[in-house]
Amino acid sequence: MWPSRNRTETVTCLACGTDRPRDEAREYDKYGDRWDREGKTFEHLCKSCHSDLCHHPRDELEALLVDLEAGRRNRDAFLARYLSTVEERYGPLEEES
Ligand SMILES: [Zn+2]
């Protein structure tokens with residue numbers, strides 16, 4: 001990582017790789033939970049990629065989260081339902097070994 005020459009912090013868009021000033025980027029949490037900030041680092045998307053994502057969900061996870069009403073349920077209920085749904089659709093989660 002190069003030391004930055006100025007005080008503007010930049011982030012790299014995870015979709016297109018463009019560096020953007022942090023305050024122009026959108027935070028993207030691959031776990032779909034932008035409300036729990038503790039101990040997490042966010043990835044970032046530039047504005048155009050972010051709006052692309054909103055208009056064109058690119059994978060099943062997005063649809064799954066919508067099905068489960070992510071953000072509208074209480075967290076524990078959501079997580080429990082999420083895990084059981086993922087297991088139903090994709091099979092039991094395996095322990096990493
Ligand atoms: Zn981008």
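A donor here is an N, O or S atom within 2.8 Å of the metal, or 3.2 Å for Na, K and Ca; water is not among the atoms, so sites may look incomplete. With that in hand, the donor residues of the zinc ion are spaced C-x2-C-x29-C-x2-C in sequence.

Ground rules next. This is a predicted model, where local features need pLDDT of at least 70, side-chain atom pairs count only at pLDDT 80 or more, and totals for chains, interfaces and linings use all residues. Residues are numbered from 1 along each chain as its sequence is written, and side-chain values use heavy atoms, with hydrogens and water left out.

Overall layout. The protein has three helices and four strands. These are DSSP runs, numbered from the N terminus: H or I of at least four residues for helices, E of at least two for strands. The order along the sequence is β-β-β-β-α-α-α.

Now the metal. Which residues coordinate the zinc ion? Cys13, Cys16, Cys46 and Cys49, each through SG, at 2.3 to 2.4 Å. The angles subtended by the four donor atoms run from 104 to 116°, which makes the site tetrahedral. The cut-off for that label, with four donors, is all angles between 85 and 135 degrees. For reference, the ideal angle for four tetrahedral donors is 109.5 degrees.

Where do these cysteines sit? Cysteine 13 is in the loop between β1 (10–12) and β2 (19–21), and cysteine 46 is in the loop between β4 (43–45) and α1 (47–55), so the pair ties together parts 33 residues apart in sequence. Cysteine 13 counts as buried, at 3% relative accessibility. Cysteine 46 is buried too, at 6%. Buried means under 20% relative accessible area, exposed over 50%, and partly exposed in between, with a 1.4 Å probe and protein chains only. Across the protein, buried residues make up 19% of the 97 residues.

On to charges. The whole structure holds two salt bridges, each defined as a side-chain nitrogen of Lys or Arg within 4 Å of a carboxyl oxygen of Asp or Glu. Arginine 22 is partly exposed at 37%, and glutamate 9 is partly exposed at 47%.

The other pairs arginine 20 with glutamate 24, at 2.6 Å between the closest N and O atoms. Arginine 20 is partly exposed at 30%; glutamate 24 is partly exposed at 33%.

How values were computed
Four donors count as tetrahedral if all angles lie between 85 and 135 degrees; four count as square planar and six as octahedral if opposite donors are over 155 degrees apart and all others between 65 and 115; anything else is irregular.
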